[in-house]
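I opened the notebook to look up how the parts of this protein meet. The entries follow the order in which I checked things.

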2 protein chains.
Amino acid sequence: MPKSENPNPLIQNRLLAALPGKVYEQFASELEFVPLALGDVLYEAGKPIADIYFPNDGMVSLTSTEDSNAIIEIGVIGSEGMVGIAAFLGGGQMPNRAIVQISGSAMRICAEQFNNGFLSDAGVQKSLLRYTQALMTQISQTAVCNRIHSLEARFTRWLLLSHDRAASDEFMLTQEFIAYMLGASRQSVSEAASRLQDANLIYYVRGKITILDRAKIESATCNCYRIVKDEFNRLSV
Amino acid sequence: MPKSENPNPLIQNRLLAALPGKVYEQFASELEFVPLALGDVLYEAGKPIADIYFPNDGMVSLTSTEDSNAIIEIGVIGSEGMVGIAAFLGGGQMPNRAIVQISGSAMRICAEQFNNGFLSDAGVQKSLLRYTQALMTQISQTAVCNRIHSLEARFTRWLLLSHDRAASDEFMLTQEFIAYMLGASRQSVSEAASRLQDANLIYYVRGKITILDRAKIESATCNCYRIVKDEFNRLSV
């Protein structure tokens with residue numbers, strides 16, 4: 001949604017900001033501001049989701065935990081979305097984990113209040129359904145990208161997703177963490193990072209990534225980033 | 001859902017069968033029985049979804065079409081689900097294609113009738129939300145499996161998904177089609193099929209797969225199949 005359409009410009013989360021003012025006012029007292037620290041687990045795989053988070057900034061990663069040797073990222077959530085969609089969909093839990101990957105803050109509401117009050121508004125429901133579709137597109141494109149695209153394409157796609165959600169051009173991401181997320185070896189991530197650095201796309205030292213040339217990164221990545229971005233724009237989330 | 005709980009035992013699609021009888025009766029006249037032939041495209045990427053399909057049997061594949069050199073499957077739908085979830089979620093279209101992979105039949109309703117009538121029932125909404133979560137889990141696990149598991153694991157997982165939805169132990173799937181779906185070369189699919197045939201798990205000749213030993217295939221596959229199956233069971237879809 002273009003920023004000028006935001007009826008609540010002080011609210012950073014776009015799902016909350018898109019609510020009509022009177023609807024937001026109704027729920028505002030139930031929302032609590034909480035910091036999101038790197039590594040915080042917002043919900044655990046197979047455990048009831050107690051709280052819903054609407055990030056103001058930062059990035060939360062949805063990761064599969066089925067194989068103890070591999071943590072694979074299936075989607076990311078920032079200020080465009082919400083963490084804990086299973087509370088809305090009715091399953092109450094997910095077979096994946098939500099973990100903070102770039103620190104920030106969020107508005108938190110307990111799942112019970114969310115379900116009993118928040119969801120009764122038709123506008124909220126509609127907004128969350130559209131967000132669900134956008135998130136589903138993101139996860140679908142991850143399935144495609146994970147199968148057919150090179151590590152360099154996947155890495156740059158992931159840099160763009162992170163950059164969109166980080167508040168700055170610099171963010172902390174260790175090579176080990178990147179390797180986990182992308183399902184690649186540390187060695188191959190290190191080599192890919194070096195190539196991107198040699199081409200002046202990023203600067204990467206001691207776990208801190210600096211985005212040097214966003215346009216070049218967009219040129220270097222696969223079409224998956226654009227497909228998802230276009231769908232989020234089309235669905236106004 | 002255990003079959004004994006099915007209030008409408010003559011209805012083969014499980015989402016429709018789970019509806020309370022009076023709700024189903026209300027919509028029954030809007031549902032039209034249609035055959036699903038191998039290769040039928042039920043909706044096209046980026047085009048408005050005109051009709052919703054509730055398969056009675058057979059299997060529909062959701063495929064990405066973003067790269068003309070690669071068609072990758074992101075999920076499958078059989079009698080447990082519906083084709084055209086974007087009509088429910090509000091986006092009205094998807095950036096993927098729905099194509100019949102195993103022939104069968106479905107109950108069809110036009111998207112407009114679906115949205116205007118069908119969706120107004122709270123029970124229908126609840127059921128579709130839970131199905132959405134289950135489908136999202138399936139797509140998520142495809143993203144994981146596509147990244148970290150061997151072709152043989154992915155192939156056997158896919159055989160199980162197909163077998164669950166096929167009405168028999170035999171179904172038609174050409175090697176070329178399997179290679180497309182799994183994002184692998186025909187040569188590697190051919191080799192994997194030979195290994196499964198040598199181990200007496202399947203019999204595969206002229207595009208016809210016969211499941212010989214379901215239990216052995218379940219033992220040979222990765223955990224992804226079970227995670228998704230458990231989640232569909234938990235969500236009663």
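How many salt bridges does the rule count over all chains? I get 22. I note at the outset that this is a predicted model.

**Entry 1: one salt bridge, looked up**

I picked the pair A:Glu80 and A:Arg165. Their side chains meet in a salt bridge, at 3.1 Å from N to O. I then checked where the two partners sit. A:Glu80 lies in the loop between β4 and α3 of chain A. A:Arg165 belongs to helix α6 of chain A, residues 151–165. The partners are 85 residues apart, and the pair links distant parts of the chain.

**Entry 2: the domains of chain A**

I looked up the domain assignment next. It gives domain 1 as 14–122 and domain 2 as 150–221 in chain A. I find 25 Å between the centres of domain 1 and domain 2 of chain A, taken over C-alpha atoms. Their contact takes 15 residues from domain 1 of chain A and 12 residues from domain 2 of chain A.

How much area is buried between domain 1 and domain 2 of chain A? I read about 1100 Å², and carbon and sulfur atoms give 67% of that. Which three residues supply more than any other three of the area that domain 1 of chain A buries against domain 2 of chain A? They are A:Ile71, A:Gln101 and A:Ile102, with 39%.

The rule finds one salt bridge across the interface of domain 1 and domain 2 of chain A. It also finds four residue pairs in polar contact there, with both residues at pLDDT 80 or more. I traced the domain 1 side to its strands. β3 (51–67), β4 (70–77) and β5 (96–110) of chain A each supply at least two residues of the side that touches domain 2. By class, I list six nonpolar, six polar and three charged residues on that side of domain 1 of chain A.

**Entry 3: chain A against chain B**

I moved on to the two chains. 43 residues of chain A are in contact with 43 residues of chain B. Chain A and chain B bury about 3500 Å² between them, and 62% of it is on carbon and sulfur atoms.

How many salt bridges are counted between chain A and chain B? The count is zero. For polar contact, the rule finds 20 residue pairs across the interface of chain A and chain B, both residues at pLDDT 80 or more.

I checked which elements of chain A touch chain B. β3, β4, α3 (85–89), α5 (122–148) and α10 (224–234) of chain A each supply at least two residues of that side. The largest share, 17 residues, comes from α5(A). By class, I have 20 nonpolar, 16 polar and seven charged residues on the side of chain A that touches chain B.

**Entry 4: symmetry**

A rotation of 180° with 0.0 Å of shift along its axis puts chain A on chain B, RMSD 0.0 Å. The two copies are therefore related as by a two-fold rotation axis. Which C-alpha of chain A is nearest the axis? I find that of A:Ala143, 1.7 Å from it. The same surface serves both copies, as 100% of the contact residues of chain A recur in chain B.

Conventions:
Residues are numbered from 1 along each chain as its sequence is written. Chains are lettered from A and ligands numbered from 1 in the order in which they are written. This is a predicted model: local features need pLDDT of at least 70, side-chain atom pairs count only at pLDDT 80 or more; totals for chains, interfaces and linings use all residues. Side-chain values use heavy atoms; hydrogens and water are left out. Domain bounds come from an automatic or database domain assignment. Contact means heavy atoms within 4.5 Å. Buried area is the accessible area (1.4 Å probe) that two parts lose on being put together, summed over both. A salt bridge is a side-chain nitrogen of Lys or Arg within 4 Å of a carboxyl oxygen of Asp or Glu. A polar contact is a pair of N or O atoms within 3.5 Å; within protein, one must be able to donate a hydrogen and the other to accept it, and residues adjacent in sequence count only if both atoms are side-chain atoms. Helices (H or I, at least four residues) and strands (E, at least two) are DSSP runs, numbered from the N terminus. Ala, Val, Leu, Ile, Met, Phe, Trp, Tyr, Cys and Pro count as nonpolar, Asp, Glu, Lys and Arg as charged, and the others, Gly among them, as polar. Copies are superposed by least squares on the C-alpha atoms of residues with pLDDT of at least 70 in both.
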